[in-house]
Amino acid sequence: MKIFFKSSLALACAGVMLAGCGKDDDKNKGPEGEINSFQSADTDYPIDDACQEFFGNIEVRTADKIDVKFEGPGDAFMVLSVMCPTDGGDRIAEGTYTFDAEDTNAAFTFTGGMYDGGEGDYSFTGGEVKVLTTSDGIYTVTAECELENGNATTLFYRGELPWEDETAGMLNFDGMHYDIYHSSQAPGEMSQECRSIELFLEAIDFEVELTFLSPGDGNTVAAGTYAYSATEAPSCFQGSVTAGEPTYTITGGTITVIVDGDDCTLTFDVTTEDQDKPLTDSTSL
């Protein structure tokens, strides 16, 4: 199951280790001998690992959300959530990114923050990020940002940034596609020999909230085809879809759940209160 903290700064409790991310030790220094590191409040955090994680495309804005993560000593790390113009490539676009104070998700903007490895996790409140690339896959990333605690932070990194695709599937709603990158299930009470299961799916500017009455007493939704029901009934579901600001109540259709070991796939054929806005396609959890 893929879990992503919607705020890049649910950091302290995340205990995030960038498993699978890494860089060539020969690329630890920049062209003038600069050390790859980030700094804040007179503390220097040498960068041990770095990677970029893809969280999906915003079709209407032609931008991709990519988290660039830099791991320092201990649990300290910095996250730059950059919005890249969609070009079909698996790399951050070269250019200058400005802080997205209004959460527009526009191309060449960024948000994010840093965790100091102790009690402090701070979101960015301003700043600028610059990215340069080379044909052999070497990135130079510099950042000068302000943190919500009033401190300034800077970053310099030159090296490789391994690519990781965090999307689990794609749903279509109102003629738009949304790459799902976050899912969670929460078991509830038993009723009619079924377990109530709350299920949540998230993409950029898009959320699906569902309640299944799943046969048996398992803590995750069981395999089967679930039909919409306005009242609580076994093997049925209720829910809503939020796309941007409006929220649409689901009013009909089916969801098919396929479970194969630890893998779970949901296929949607669902209608909402606005009949011109069906929810279709599949995603994994």
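**Exercise 1.** Does S40 count as buried or exposed, and why?

*Solution.* The model is a predicted one, in which local features need pLDDT of at least 70, side-chain atom pairs count only at pLDDT 80 or more, and totals for chains, interfaces and linings use all residues. Residues are numbered from 1 along each chain as its sequence is written, and side-chain values use heavy atoms, with hydrogens and water left out. Buried means under 20% relative accessible area, exposed over 50%, and partly exposed in between (1.4 Å probe, protein chains only). S40 counts as buried because its relative accessibility is 7%.

**Exercise 2.** State where S40 lies and which residues S40 contacts.

*Solution.* S40 belongs to strand 1, residues 37-40; strands (E, at least two residues) are DSSP runs, numbered from the N terminus. Contact means heavy atoms within 4.5 Å. Neighbours within four places in sequence aside, the contacts of S40 are Y45, M114, L147, N151, A152 and T153.

**Exercise 3.** Describe the pairing of strand 10.

*Solution.* Two strands pair if DSSP finds at least two bridges between them. Strand 10 (residues 152-159) runs antiparallel to strand 1, with 4 bridges joining them; here F38 has L155 as its bridge partner. Strands 9 and 10 form a hairpin with 4 residues between them, and G150 in the turn has a positive phi of about 95 degrees.
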